[in-house]
Structures are given as C-alpha cells and as structure tokens.
Amino acid sequence: MTNDNLIIISGGAYNDVKKALRQWIDLYTKSLQDGLTFKLFKNGNGNHIILADERLDNERFYYLVNYLYYPQGIRYKIDIEGFTIGKENNVLKDQKLIVYISSTDKEGDNVFVATADNNNYKIDFEGKISETKEKKIFRLPSNQNLDNPEILRVNKKEVSSQIKEKSKDNIEKRFRIISFITIVLFMTSLFVPFYSTQTFIKITFFLGMGLGIWFFLDFKMLQSGKYYFFGFLISLIFLSYTVLIKKVLNNTEVDFVDLGAFYPLMLLIIQWPTRKIYIMLFKREPEIINRYGYGSGKFADMIYTLILFFSIAGLPFIIIDALK
C-alpha cells in the first residue's frame, strides 16, 4: 500500500467524510490541477481511507488534513492521520511524514508532523515550520484493503459552472431585497413633504446617493446585462422623479445635486464602457477594491475603482455646473 498522500480517518459517518472532501475540492479547485483524483474507501464501521492524487503537493495535503478535521457546516468527531513524503525544499524534504492535528492545538490553522526520525514539527499556514514538544511516534499505517473506492475528481469546468449559478442566485436575491427596501423608502418619503420640505429634499438626496453606492459596490450584479438594464431603468426613473419634484417645488435654489438625481445614472454610464475596456485589456472582469476586502488588490482594479468613485463623487457636480 502506498504511503504517499494517504489519509486514515477514524470516526464520523461516511457521507459526512465524503461531503467534507467534496467541499475541500470545490474550495481549492482554482489552485488544483484539473483531473486530480481523490479515492475514498470504506474501511469498516466508522473508519475511512482517502488516497489523494500523488500530484497533490505537501502544502495542499496539509490543508486537506486540516479541513477534514475542521470542516465547514459538518459536525463530527474524528481522529485523522495523513501519510506523505516531504517534497518541498525545506527541513522535511524526502522524509516520510505522518501528518495530524494535535489534541493541544487551539489555533486551528496549522498541522503537526512527525518524521521517520521521530522529530516533531508544527506547520502553520503561512509556511513556517517550527519544532514542538509533541511526542508523536512515527509509524507506518498497517495494511489496508483498498477495494471499491468512490472517486472524486477536480473538475474546474463543472465547479466554475456551479459558482456562476450560485452567483446568479445570490445576485437575484440581493436585487429583490434591495429593490424592495428602496421602494419602501421611496413610498415613505412621499409623506414627508407634509411635514418638512427640507427633510424631503435630504431624503431624496440620500436615496439617490444610496442607489449610486449600491451600484458601485455590487459590481458583480452589473456584470449581468439583465441587471445592468434594470439598474439603468431604475436610474432613469429616479432622474425623472427628481425632475418632477423640482417642478412641483418650484424652488430655484434646489438643484439636481441637492436631489441626488445623477448619482446612480452617472455611475452606470461610466461603468459600462470602462468595464468593456478593462476586459479587452486584461481578459478578466474588473473588481472593486474597498475596505471590506473586495477586489484582487491589483493596480488595474484600483484604477477601475477610482474611476467609478469619481463618477459618483465628482461627475454629477461637473454636469450641474455645465447645465447652469
């Protein structure tokens, strides 16, 4: 039996172990080679064996052992040991290794290894290898009957399709929720003029600003032609609404900036050609960089973000000045 990229699990239901393995494969598909195989075996009641593809590198093997022990959304209690050979250029190179999660571990983002020479190390997920006081004794796994495996594969095309479908569902859900909130706020604001015209003007301004910020942050929604059209239609309706307000109020001191008329529309007018140019140049969709961590952090994404931000923060004022 091979001792390279072999994982032995004691405890947990077979279906839960399979689910955790599938989740890990889907989670790391982008960084895995297409077609990698993971063979899952039943090894008696409550015992399972995973034989990972020999092409799987040490780092991702460590991630796999860790994830199987700490899976997302799955509750079970297991003991896990992984067996592999050090392939990376470090102190573990060419050594036979047993990989496990220490019972004393409180961090959750590392694994522990014992070498054939019974040296013990902790490996964190920043790549740091440090000696520990663990006393794990290295041993090879006993002979196991590896028959009739269930095979799970890395399928980049399939996972990409699943991600796109999930993204579409999330976009539709967000659009419905935010649109509903917008309608409620709009209907509520119609009663405000009876009490305070100035408050009504401020509410309208923040409604327009809110629409612009929504379109700015939800860059994935605007990648869909369908939802871009809906957003553009909402922006035109809001602009028409502010024109009507200005006529009804008949107040020359109130301009379209005070009413937030151009914020959502200008964002969409600038976003469409900017996104097309970006895709043409960089062969991928642009992303927004902000304090919440969206965006890949690349310089091109930063420029794209600044252009869209200017379309909200600066362009409406320029347009108003030109109309005066």
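**The largest nonpolar core**

A: Seven residues touch the most other members of the 36-residue largest nonpolar core: Ile-7, Trp-24, Phe-38, Leu-56, Tyr-62, Leu-64 and Leu-68. A nonpolar core here is a set of buried Ala, Val, Leu, Ile, Met, Phe, Trp, Tyr and Cys residues joined through side-chain atoms within 4.5 Å, with buried meaning under 20% relative accessible area (1.4 Å probe, protein chains only). At least two residues of this core come from each of strand 1 (6-10), helix 1 (14-28), strand 2 (37-42), strand 3 (47-52), helix 2 (58-69), strand 5 (96-100), strand 6 and strand 7 (120-124). Helix 2 gives the largest share, seven residues. Helices (H or I, at least four residues) and strands (E, at least two) are DSSP runs, numbered from the N terminus.

A quick word on provenance: this is a predicted model, where local features need pLDDT of at least 70, side-chain atom pairs count only at pLDDT 80 or more, and totals for chains, interfaces and linings use all residues. Residues are numbered from 1 along each chain as its sequence is written, and side-chain values use heavy atoms, with hydrogens and water left out.

Now zoom in on Phe-38. Skipping its neighbours within four places in sequence, Phe-38 is in contact (heavy atoms within 4.5 Å) with Leu-21, Trp-24, Ile-25, Leu-51, Ala-52, Leu-56, Leu-64, Glu-150, Ile-151, Leu-152 and Val-154.

Thr-115 sits in strand 6 (residues 110-115), and Thr-115 counts as buried because its relative accessibility is 0%. Beyond its neighbours within four places in sequence, Thr-115 is in contact with Leu-92, Gln-95, Lys-96, Leu-97, Tyr-121 and Phe-138.

Stepping back, the chain has eight helices and nine strands. Of its 324 residues, 40% count as buried. Among contacts between residues at least 6 apart in sequence, 61% join residues at least 24 apart. The chain exposes about 18800 Å², with carbon and sulfur atoms supplying 58% of it; accessible areas come from the Shrake-Rupley method with a 1.4 Å probe, and for residues only the protein chains shown count as cover.

Key. Buried < 20%, exposed > 50% of the residue type's maximum accessible area, 1.4 Å probe, protein only.
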